[in-house]
Amino acid sequence: MLPRIKVGLIGVGNCASALVQGVYYCRSRGDSVKLKYPEIGGFRPEDIEFVCAFDISEGKVGRDLSEAIFAPPNNAPKISDVPNLGVEVLKGPVLDGLNEYTKRIIKVNPALEVDVAEKIRESGAEIMVNLLPGGAREASLWYANEVLEAGCAFINATPTLIASDFSWDHRFREACLPLIGDDLMDQVGATFLHKAILEALNRRGVQILKTYQLDVGGGTESSDIERAWGTKRAIKTKTIEMVLPYKASVVAGSTDFVDFLGNRRDSYIWISGECFGGVGFEIEIRLNTIDAPNAALMLLDVIRGAKLALLKGEGGHILPISAYAFKHPAKILPIYEAEKLFEEYISSKS
Ligand SMILES: NC(=O)c1ccc[n+]([C@@H]2O[C@H](COP(=O)([O-])OP(=O)(O)OC[C@H]3O[C@@H](n4cnc5c(N)ncnc54)[C@H](O)[C@@H]3O)[C@@H](O)[C@H]2O)c1
C-alpha cells in the first residue's frame, strides 16, 4: 500500500471545508464515486491525509479541523461526515487576512500566534494548500515563505501571483520543491465554460467581437469586492483573452456580493460575434453553481499531482499541473491542450 499524502491547509474557509469533506466523501463511497482520474501516480483521493491547518477566526482556531470546517461564516454545503481528525487548527498572523466586511463578521481568536514554519515541519506535511481570502496578498506571500522554510510543496489556490512569478519559481526550484498555481479554476466554473465555448467557436471559424463574464456570489470570499476586484478581474480577463488568436473586447471578473445567495454563485456570460457573411450572433448564458465543492475536485487532482511532482524530484513551477487546474499559470494554455499535458505528466514516471 502507498503511504498517505500529508497535506496542510492555510485558511479553513469554504474551499477547505469542501476539500476535507471531499476526501471523506470518496473514502465512504469508494469506487462508486465517478472520477475522471481515479488514480494519479497510484494515489486515490482517499490517500490524502490532513496533518495541519492554520486560521485566525475565533470559531476555528483551537478546534479540531473536522469541526472548524463547519464553523460560521463557512456556508459550504455538507456533502460528507468528517470524523475527528486529531488536527487542531492553529493561529497564524492576521496580516491583511480580513477585509471591511469580514472584519465585522469574523472575530480574531485571542490565542498566541504559533511559529508556522515550525508547526508545519512538526506535522510532517509535504504539501501546503493556500486557501486564504483572495485579497490577502501580504498574508499569502508571508505563508509562501514559511512553507519554503518548512520544506514543503506549495499549492496556491488564491489570485495572489506566486507560482507564476519568476522569483518564487526560482526560489522553489532552488529548494527542489514543487510550486503550483495561481488562482484555481473550478470544475464547472464560469472561466472554464467561457474558455470552452470561445475555443469551440474559434475552431469553427467564427469571429468573436465582444464578450463579458460577470458574477455574483454569497460566499465570504465574494465579499471582498474592493480588494479582489483588481487582481481577480485582471487574471480572469487575461485567461479569457488568451483563448483567441486575435484581439477582441473582453471583460471578465467577479462583480458583487449578495449575502443571501449563501455559497451559491450566479455567473453571466455574454458573447457577440460574426459568422460567415458578416452576420451577427449573440450567446447569453447564466450558470448557477455552488462555489466550494466546485473547487474540491480540482484540488483533489492537484494535490495528487503535487505528490507525484515530489516523487519525481521536481522543483519550481510545475506547468502541466498549473495549466490544467489554474486560471493564471506561468503559461496559459487552451483547455484541451492543458488537459493533454496534465495527462502526459501523470502517466510518465520521470
Ligand atoms: N470555487 C472556489 O471556492 C474557488 C475557486 C477559485 C479560487 N478560489 C480561491 O480560494 C481561496 C479560498 O476561498 P474560500 O471560498 O475558501 O474563502 P473563505 O473566505 O471562505 O476562507 C478564507 C479563510 O482564511 C481565513 N484567514 C483569513 N486570514 C487568515 C490568515 N492571516 N491566516 C490564516 N487564515 C486566515 C479565514 O478566517 C477563512 O477561514 C480564495 O483566495 C479564492 O479566491 C476559490
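How many nonpolar, polar and charged residues does the shell around the ligand have? In this predicted model, the shell has 20 nonpolar, eleven polar and five charged residues. There are 36 residues around the ligand, and Gly11, Gly13, Cys15, Gly97 and Thr158 come nearest. The elements α1 (14–29), β2 (48–55) and α9 each give two or more residues to this shell. Helix α9 gives the most, with four residues.

Now follow α9 itself. The helix covers residues 291–312, 22 residues in total. After α9 comes Gly313, with a positive phi near 75°.

Next, the sheet. Four strands form an open sheet in the order β8-β7-β9-β10, and the pairing is mixed. Its edge strands are β8 (249–257) and β10 (279–290), each of which pairs on one side only. On average, neighbouring strands of this sheet are turned by 10° against each other, direction ignored. Helix α9 packs on the sheet and touches β7, β9 (264–275) and β10. The direction of α9 makes about 95° with that of β10. Strand β7 (residues 207–217) runs parallel to β8, and eight bridges join the two.

The loops hold some backbone exceptions. Most residues other than glycine have a negative phi, and most peptide bonds are trans. Start with the loop between α2 (65–68) and β3 (89–91), where Pro73 lies. The peptide bond from Pro72 to Pro73 is cis, with omega near 5°.

Move on to the loop between β3 and α3 (102–105), which holds Leu95. Phi of Leu95 is positive, near 45°, in a residue other than glycine.

Finally, take the loop between β6 (178–180) and α7 (190–203), the place of Asp182. The peptide bond from Gly181 to Asp182 is cis, with omega near 0°. Asp183 lies in the loop between β6 and α7 as well. Phi of Asp183 is near 65°, again a positive value in a residue other than glycine. Asp183 counts as buried, because 25 C-beta neighbours lie inside 10 Å.

Key
Residues are numbered from 1 along each chain as its sequence is written. This is a predicted model: local features need pLDDT of at least 70, side-chain atom pairs count only at pLDDT 80 or more; totals for chains, interfaces and linings use all residues. The expected span of a helix is 1.5 Å times one less than its number of residues. Two strands pair if DSSP finds at least two bridges between them. Axes are lines fitted to C-alpha atoms, for helices over the stretch in contact, and angles run from 0 to 180 degrees between N-to-C directions. Two residues are in contact if their C-beta atoms, placed from the backbone, lie within 7 Å. A residue is near a molecule or strand if its C-beta atom, placed from the backbone, lies within 6 Å of it. Ala, Val, Leu, Ile, Met, Phe, Trp, Tyr, Cys and Pro count as nonpolar, Asp, Glu, Lys and Arg as charged, and the others, Gly among them, as polar. A residue is buried if 20 or more other C-beta atoms lie within 10 Å of its own, exposed if 12 or fewer, and partly exposed in between; C-beta atoms are placed from the backbone.
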